[in-house]
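Here is a short briefing for a first look at this structure. Keep the 3D view open while reading.

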Amino acid sequence: MAKRSSLSIRIVEGKNLPAKDITGSSDPYCIVKVDSEPIIRTATVWKTLCPFWGEEYQVHLPPTFHAVAFYVMDEDALSRDDVIGKVCLTRDTLASLPKVKAAPHSQVLRKVPEVVQAEGRGYAGDQPGPLSHSHTGFTGWAHLTEVDPDEEVQGEIHLRLEVLPGPPACRLHCTVLEARDLAPKDRNGASDPFVRVRYNGRAQETSVVKKSCYPRWNETFEFELEEGATDLLCVEAWDWDLVSRNDFLGKVVVNVQRVRAAQQEEGWFRLQPDQSKSQRAEGNLGSLQLEVRLRDETVLSSGCYQPLVQLLCQEVKLGTQGPGQLIPVIEETTSTECRQEVATNLLKLFLGQGLAKEFLDLLFQLELGRTSEANTLFRSNSLASKSMESFLKVAGMRYLHGVLGPIIDRVFEEKKYVELDPSKVEVKDVGCSGLHRQQSEAEVLEQSAQTLRAHLGALLSALCRSVRACPAVVRATFRQLFKRVRERFPDTQHENVPFIAVTSFLCLRFFSPAIMSPKLFHLRERHADARTSRTLLLLAKGQRGLDGAAAAHSAPGCGTAEGLYHQACGHRGKGGTKGKGPLASSSFKKLHFSLTTEALSFAKTPGAKKSILIKLANIRAAEKVEEKSFGSSHVMQVIYTDDVGLLQTAYLQCKCVNELNQWLSALRKVIINNAGLLASYHPGVFRGDKWSCCHQKDRTDQGCDKTRSRVTLQEWNDPLDHDLEAQLIYRHLQSVEATLREKHRELSGGTEVGTVPTNPGEAPKDPLAALLGVLQDLRLLHSSSLPSSPSSEPHCALDLQT
């Protein structure tokens, strides 16, 4: 059994942002932080006060995370980026809001609900009715609030509290041991922290630890517990400054009565902002439209899901020759709002079982069976259409990148003006210096047509050459689709229908969205400007007429690439902390790294022969590095064991925060089952005779911060998580169980539902009854797995009052 928490984040758009540039505009982008840790950076939208991003992310987190915050920034080329404002959603807020449905993207873009406070309530539009699948979370517009430095706190403090008996009165001992992950308040990327302990009008302070966000004090303070005195002990962390005022780092308020009852308590406490100040009036900072959904799942062991998986697989293997109840009933009971999610979960489950083609073939036959007109085939958002879309994204993204990548890059780099609508043509000056003349409308249209024909020709040529590069499972599925459509519409007048069916998926539902929004398909790091967007739109419209029949033909000897692969150019790496290894040097070197399921490798150029840097089996942690350590941002460290079993560290610098987190995420996923993973690490470097983070002088000293191995980003090339997919399917079926029971009574003429035993390999005589029995068994397993009382983590025994 394992607890899984995830956040589905969609950053839609902003409106009425304040102007930060002298031009009267701004260049806004968003930074998403989880517990003060930057996880995501959107693209910058230039010169606008109403930016549209439309970016989606899914982050897997430990269930103990506290808050997610969205910072809207203004990018500046010559100075530090300006902070426009933020929206903060705590985990408790997300969990307590009413369950909201995940609106389709078209609805998210068009609905403009009443602007609300992010902490206030959930979806502000229509109240959701009975849902087949829902999540807690926030959907709608939220006001941006000013960023108050006293509220920008982070980190934890380690305290030991004791109450000792008199005479003449009891005494309270507060030992301030250490702190970790404090906010850096100084320009050097660190702080000079000290702690002030206040009780009953008295205040005592620790010494100042210079240049550290991981200070250690181990200092004890004593207070007398007088009758009638306050029951609250306040522990405040501050950053000491020589000339300016000290900066607030956070505080903890402890109930002394709890300590008196327990006599002694010790634990790590999360630092809280100072909320004693009166709330300042909101400025006109604009609003942000978001969709943030929180999902908590308890995933059982693999064996618990086998009856459900076997039942579904048996139905798919039998196809339309079997009883054929489960898949049609699942489609019938799945609402439009969650059909895409259910389709993706089912597709991944069958992909993991090697039955993706058979599953899609069954859906093809079901949809063809209820389609009478060829021109309406696969036009609806049915389970077949949604499953096929998910299948192409899961199995065909590498193929799409190979075909479209060079063409999209050329469109972005050339930036040629393309317009085919005479009413939108903009004439411009052309010619040599001093000999300018204005192009005619006809010349602009002809030049645009030539440019577009060149791009379409390159795309058609790339498609025709790409047959062998297309994954075998994708080609086999298209062949099956082609065959089924031809069987359903065999007449001569419908001879083009099978080709149209293939191209409707390949071009209309896969290539076209990627051409129009290359950022969302990871083809580009930035959104297109207005001119490039228009070119991409015309290119997407033009490519719909291309013949995609090549995808339906076979090519021998071509299979899908196996294993996780991750590559980036422009990374710079430095070797182990002991100065050993192939990359050891005093300065960073520009190298190109690649990640497979076997090793982290590097080369001097993208095409050069790769050398293994670290075998994945030897990696013990992948974590971020403090900015002050090298005076550079976006640096990560890979901690691993060498050939003799000693811990070594490789440092790698990435181009941006997104690339940094993608690398950390990919590394954490492939080492999840490694033995000896570290629970703590040093976010600094060992320089001279001490660690730069906590100032400890022992190189082998235990790390001063906890590792974050469970924080990962969901990517299209992630390995399949079979147990999680089975759990999500069970959760959906459980939400519609009443409807399933009603459907069973309707089909069986009122017979009571019971578990129908079957022999191995034999199809159940009543699969719907068997499914209901399996759901009941899983519900009992989930109930028995719940702890009888809330479990408390070690060293986290005290409650906080804020």
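The axes of helix H8 (residues 383-395) and helix H11 (residues 472-488) come within 10 Å and cross at roughly 155°. An angle over 145 degrees counts as roughly antiparallel, so H8 is roughly antiparallel to H11. The model is predicted.

**H8 against H11**

- The crossing of these two helices, H8 and H11, is left-handed.
- On the H8 side, the contact involves Met 388, Phe 391, Leu 392 and Ala 395.
- On the H11 side, Val 473, Val 474, Thr 477 and Phe 478 meet them.
- Sorted by class, the contact of H8 with H11 has seven nonpolar residues, one polar residue and no charged residues.

**H7 against H11**

- Helix H7 (residues 356-369) also has its axis within 10 Å of the axis of H11, and the two cross at roughly 20°.
- Angles under 35 degrees count as roughly parallel, so H7 and H11 are roughly parallel to each other.
- This crossing of H7 and H11 is right-handed.
- H7 contributes Lys 357, Leu 360, Asp 361, Phe 364, Gln 365 and Leu 368 to the contact.
- H11 contributes Ala 476, Thr 477, Gln 480, Leu 481, Arg 484, Val 485 and Arg 488.
- The contact of H7 with H11 divides into six nonpolar, three polar and four charged residues.
- Thr 477 of H11 takes part in the contact with H8 and also in the contact with H7.

**The sheet E12-E11-E14-E15**

- Four strands make up this open sheet, in the order E12-E11-E14-E15, with antiparallel pairing.
- Strand E12 (202-205) and strand E15 (247-255) stand at the edges.
- Each of these edge strands has a single partner strand, so one side of each lacks a neighbour in the sheet.
- On average, neighbouring strands of this sheet are turned by 20° against each other, direction ignored.
- Strand E14 (residues 232-239) pairs with E15 in the antiparallel sense, over eight bridges.
- Which residue of E15 is the bridge partner of Trp 238? Phe 248 is that partner.

**The sheet E13-E10-E9-E16**

- Another open sheet has four strands in the order E13-E10-E9-E16, and its pairing is antiparallel.
- At its edges are strand E13 (216-224) and strand E16 (264-270), and each pairs on one side only.
- Strand E9 (residues 156-164) and strand E10 (residues 171-180) are joined by nine bridges in the antiparallel sense.
- Arg 160 has Thr 175 in E10 as its bridge partner.

**Salt bridges**

- How many salt bridges does a search of the whole structure find? The search finds 43.
- One of them joins the side chains of Glu 37 and Lys 624, at 3.0 Å from N to O.
- Glu 37 lies in strand E3 (residues 37-41) and Lys 624 in strand E26 (residues 619-624), so this pair ties together parts that are 587 residues apart in sequence.

Definitions and conventions. Residues are numbered from 1 along each chain as its sequence is written. This is a predicted model: local features need pLDDT of at least 70, side-chain atom pairs count only at pLDDT 80 or more; totals for chains, interfaces and linings use all residues. Side-chain values use heavy atoms; hydrogens and water are left out. Two strands pair if DSSP finds at least two bridges between them. Axes are lines fitted to C-alpha atoms, for helices over the stretch in contact, and angles run from 0 to 180 degrees between N-to-C directions. Angles under 35 degrees count as roughly parallel, over 145 as roughly antiparallel, 65 to 115 as roughly perpendicular and the rest as oblique. A crossing is left-handed if the near helix is turned anticlockwise from the far one by less than a right angle, and right-handed if clockwise. Contact means heavy atoms within 4.5 Å. Ala, Val, Leu, Ile, Met, Phe, Trp, Tyr, Cys and Pro count as nonpolar, Asp, Glu, Lys and Arg as charged, and the others, Gly among them, as polar. A salt bridge is a side-chain nitrogen of Lys or Arg within 4 Å of a carboxyl oxygen of Asp or Glu.
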